[in-house]
Amino acid sequence: MTTIAVLPGDGIGPEVVEAALPILDAVGVGWAVEFGEIGWGCWRREGEPIPSATWDLIERADATLMGAITSKPPREAEAELPADLQGTGRRYASPVIALRRRLGLYANIRPITDLYGADFDFVVIRENTEGLYAGYDYRGLDDDLWNLVGDHPGAVESGRDDTAVALRLQTRSGLDRIFRCAFDRAAAGGFTRVTLADKPNVLRASGELARERFDAIAAEHPEVEAHTANVDAVAMQMVRSPESFGVIVAENMFGDILSDLGAGVMGGLGLASSANVGGRGSLFEPVHGSAPDIAGRGVANPFATILTVGQMLAELGAPDESARVRAAVREAVQHGAVVTPDLGGTASTADAAAEVVRRLG
Ligand code: NAI
Ligand code: MG
């Protein structure tokens, strides 16, 4: 039987997960769910953001569904550890990054589908492991870095202690796997085009490598149109004519920005779902965070998590059930009577979710 590891997490995470899980029964897949702890609250209690029991659960399960977690700067975090764990040198590291690393989740997939009666349906695929977020980010430069940038007028004026450098890492193997992911998904999902959103005329060397690999992988899928476009132009076109896209693929930072823009095009964080996929396993989560400003009040929008469950259904081999979930959310959004405050309604988290379940019945 298919088993889902469910990690409610912090803030509104447990609220939206509790509201969304009945969807699995409503569509009749009969999957088992097992709960695990993760996140900031877990760290405060146990000194671990992901305890070993949770890792075991993730390894055992077919997929993981996460609510949201709260991030804190390490120093602030340590001050809130239980007394017996303070001074033990434990650091609060982002569980999301740990999950991505350990499960090899190199692709973040965000469907951007129209829920309001316009007509767009595209996917933003963000590379998760390299690009400008690969971690090569330096302030106060050593000789090697200073030799690289020290003749820049700003660096000359500021000096090496007040100059910072972040490097954009692009590798052939990293590029090939993310582009293959983009073209395979385009072909499987019936999309006719894949757009690489990059900045090849400015980031010449890394952009050229990306483009070369993009064209090479595109040649494996002659049935799909392949385009390279400037990321800024893509951003504008996503707003002006979102119906013109199929799959958009981008390096880590550009993909981060475009995927949040996509959430905005859809109607906000309360509606945006995501999947992290890769070598060993998959992690599904709404795009939003733990929303401390509304946590505990029962007003968080559960639709992002319900659509995330829908995305999980499609990934785990239940595409018809996935389509039904999306249709039910679309009806609920357009009908508009039973939606949460972020969408202009007055419904609670539980009532909004129950409305979707009712429409699935
Ligand atoms: P956020 O996404 O939690 O909230 C941003 C704004 O959107 C807030 O005003 C919030 O009330 C609203 N919002 C978010 N989800 C909503 C929902 N389902 N229904 C109605 N309104 C919703 O981002 P923020 O405030 O920047 O971060 C809060 C915490 O979450 C931080 O600790 C941050 O690090 C963490 N975070 C975690 C993520 C994850 O678990 N993957 C992603 C983003 C942030
Ligand atoms: Mg983001």
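**Figure 1. Domains of the predicted model.** Taken over C-alpha atoms, the centres of domain 1 and domain 3 are separated by 40 Å in this predicted model. The division of the protein chain gives domain 1 (1-108 + 271-361), domain 2 (117-134 + 169-266) and domain 3 (136-168). A UniProt record, an unreviewed entry, places the feature "domain: Isopropylmalate dehydrogenase-like" at residues 3-356, a span that is 43% helix and 18% strand and whose end C-alpha atoms lie 23 Å apart.

**Figure 2. The largest nonpolar core.** This core has 96 residues, and those with the most contacts inside it are Ile23, Ile125, Ala182, Ile248, Val249 and Ile306. Because domain 1 and domain 2 both give residues to this core, it lies between them. In soluble globular proteins, nonpolar side chains tend to be buried together.

**Figure 3. Surroundings of isoleucine 248.** Leaving aside residues up to four places away in sequence, isoleucine 248 touches Phe122, Val124, Ile125, Thr195, Ala197, Val234 and Leu258.

**Figure 4. Asparagine 230 in strand β9.** Strand β9 covers residues 225-230 and contains asparagine 230, which counts as partly exposed because it has 15 C-beta neighbours inside 10 Å. Although asparagine 230 and alanine 197 are 33 residues apart in sequence, they are 5.6 Å apart in space, C-alpha to C-alpha.

**Figure 5. Residues around ligand 1.** There are 22 residues around ligand 1, and among these Ser71, His288, Gly289, Ala291 and Asn301 come nearest. Sorted by class, the shell around ligand 1 consists of 11 nonpolar, 8 polar and 3 charged residues.

Key:
Residues numbered from 1 in each chain as written. Chains lettered and ligands numbered in written order. Predicted model: local features only at pLDDT ≥ 70, side-chain atom pairs only at ≥ 80, totals over all residues. Core = buried A, V, L, I, M, F, W, Y, C linked by C-beta atoms within 7 Å. Buried ≥ 20, exposed ≤ 12 C-beta atoms within 10 Å, placed from the backbone. Domains from an automatic or database assignment. Contact = placed C-beta atoms within 7 Å. Near = placed C-beta within 6 Å. Nonpolar A, V, L, I, M, F, W, Y, C, P; charged D, E, K, R; others polar. UniProt positions renumbered as here; feature names shortened; annotations may be inferred. Helix = DSSP H or I, 4+ residues; strand = E, 2+ residues; numbered from the N terminus.
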